[in-house]
Amino acid sequence: MTAKKAAAALISVFHKDGLEPIVKKLDELGVTLYSTGGTEKFIRDLGIDVVPVEDVTSYPSILGGRVKTLHPKVFGGILNRQDNESDVAQMEEFDIPQLDIVIVDLYPFEKTVASGASEQDIIEKIDIGGISLIRAAAKNFKDVLCVSSMEDYEDFLNVISEGNGTTTLEDRKRFATKAFNISSHYDTAIFNYFNQNHEEAVLKISETKGQVLRYGENPHQKGFFFGDFDAMFSKLHGKELSYNNLLDVDAAVNLMGEFKNDDPTFAILKHNNACGLATRNTIHQAYVDALAGDPVSAFGGILISNVEIDKPTAEEIHKLFCEVVIAPSYSDEALEILKGKKNRIILIQNEVELPETLVRTCLNGVLVQDKDSKTDSKEDLNPVTDKKPTPGEIEDLIFASKLCKHTKSNTIVLAKNKQLCASGTGQTSRVDALNQAIHKAKSFEFDLKGAVMASDAFFPFPDCVEIADKAGIKSVIQPGGSIKDQLSIDYCNENGLAMVMTGTRHFKH
């Protein structure tokens with residue numbers, strides 16, 4: 001049976017917003033309404049007749065509301081197959097009412113967890129009857145239409161209005177798909193709450209918000225983004241973000257998170273790596289000095305600030321072709337200037353907690369790890385050379401280390417006066433990374449005398465400190481841990497370099 005005229009509906013929802021027009025339409029269509037608890041009262045307050053479920057089951061709501069609809073007369077009315085003679089006979093035998101529509105939503109488990117509620121309150125928000133009704137109605141989509149979320153109320157109202165109470169098999173299957181999406185996501189959220197300490201080595205990911213991107217990394221690849229982008233950013237202007245834009249925005253946000261509470265800091269990123277970074281007294285000067293780090297690579301880059309972007313900064317940015325600008329806020333004048341390029345994407349970054357777990361596909365499976373949440377601080381610095389870094393060098397070492405952590409391995413970062421001079425990124429040897437950084441710094445006329453060097457991993461040989469010394473670098477930060485650490489320490493001692501070790505490696509592959 002493809003098209004079905006609805007004669008009866010069960011409605012039992014937590015959220016009542018948007019329910020009134022549905023109830024009125026079903027009543028207008030002559031659909032018998034069954035309900036429970038607060039929803040029953042809501043319907044009755046509208047002046048519309050409703051049959052309490054307890055009149056059907058002959059049982060009241062018990063156990064503090066934990067059991068209301070869990071009864072054969074309810075589930076028989078949903079799960080019976082209307083083209084099955086045995087089912088039809090049993091429906092008559094046990095006086096079970098046919099239910100053609102089930103409208104249910106679930107207790108707000110995720111919101112309750114996010115609110116910081118007690119464990120008992122969270123447990124009580126694990127829906128039992130609702131999830132069972134959804135699964136039953138969705139399973140029997142051949143005969144029953146299931147509405148499983150208030151987000152689908154408008155869609156459902158259009159369906160029954162246009163069909164005058166009649167639904168098609170295609171409609172019912174489409175709503176069943178939505179319902180199983182809701183139920184599987186709900187179960188995933190519950191499991192992940194119980195498995196916060198990873199007692200079970202199991203990966204369950206569910207994202208219900210997704211968008212189709214124009215393409216993936218390249219035009220011949222499909223691309224999708226799953227996540228609540230609108231919660232994290234307020235988009236003020238520009239074209240739709242691409243797959244590559246999103247990767248760069250992610251890199252920018254994670255990098256700037258290291259400088260969230262610092263003086264005005266500006267970063268410019270290209271292909272997930274910073275090509276410019278500076279901390280200054282004003283955001284205008286921070287931008288100017290960040291751009292000086294590599295004005296060539298900055299073309300088409302991602303720009304991010306840790307403070308409001310003002311008019312002078314916007315005027316400088318406007319001279320550059322860039323894909324995305326990110327800041328916590330913009331002055332009115334700055335925003336008008338930046339909107340001068342119609343495709344330039346302008347984002348306000350909202351305060352959103354980022355995931356603490358990183359996930360990526362690998363071979364025929366998935367790799368999962370904790371986020372590298374360790375930021376090197378002054379307390380982590382272990383001076384290992386006769387010469388100790390000056391207070392100014394210590395600030396530069398910390399600055400360089402923060403950036404090094406967010407740059408592709410193998411990496412070397414050269415910095416001076418809280419400005420990125422250059423970095424060697426993604427090289428197969430640390431020597432190559434250092435030589436690349438020195439070459440870039442010189443090409444943009446940076447004086448490396450007195451600069452500092454940061455490495456994401458230890459030096460297996462003293463060659464890097466020797467090359468750095470000859471380039472004018474006088475202070476080094478690295479994790480240490482090589483069996484030949486002493487060779488690098490000896491070279492520094494013999495040539496007047498200061499070196500500190502942190503004990504923490506920051507590989508980024």
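**View 1. The two sides of helix H2 in this predicted model.** The face of H2 turned away from its buried side carries Lys41 and Asp45, both exposed (over 50% relative accessible area, with buried meaning under 20% and partly exposed in between, 1.4 Å probe, protein chains only). Helices (H or I, at least four residues) and strands (E, at least two) are DSSP runs, numbered from the N terminus. H2 covers residues 37-45, and its buried residues are Thr39, Glu40 and Ile43. They sit on the same side of H2 because their arc around the axis is only 100°, taken from the directions from the helix axis to the C-beta atoms. These buried residues pack against strand S2 (8-12), helix H1 (20-28), strand S3 (32-35) and strand S4 (51-52), with contact meaning heavy atoms within 4.5 Å. Just after H2, Gly47 has a positive phi of about 80°.

**View 2. An open sheet of six strands.** Its order is S10-S15-S14-S13-S11-S12, and the pairing is mixed; two strands pair if DSSP finds at least two bridges between them. S10 (233-237) and S12 (273-279) are at the edges with a single partner strand each, so one side of each has no neighbour in the sheet. Inside the sheet, S14 (residues 322-327) and S15 (residues 345-349) run parallel over four bridges. Val325 has Ile346 in S15 as its bridge partner.

**View 3. Asp490 in helix H19.** Asp490 lies in H19 (residues 485-495), and counts as partly exposed because its relative accessibility is 29%.

Residues are numbered from 1 along each chain as its sequence is written. In this predicted model local features need pLDDT of at least 70, side-chain atom pairs count only at pLDDT 80 or more, and totals for chains, interfaces and linings use all residues, while side-chain values use heavy atoms, leaving out hydrogens and water.
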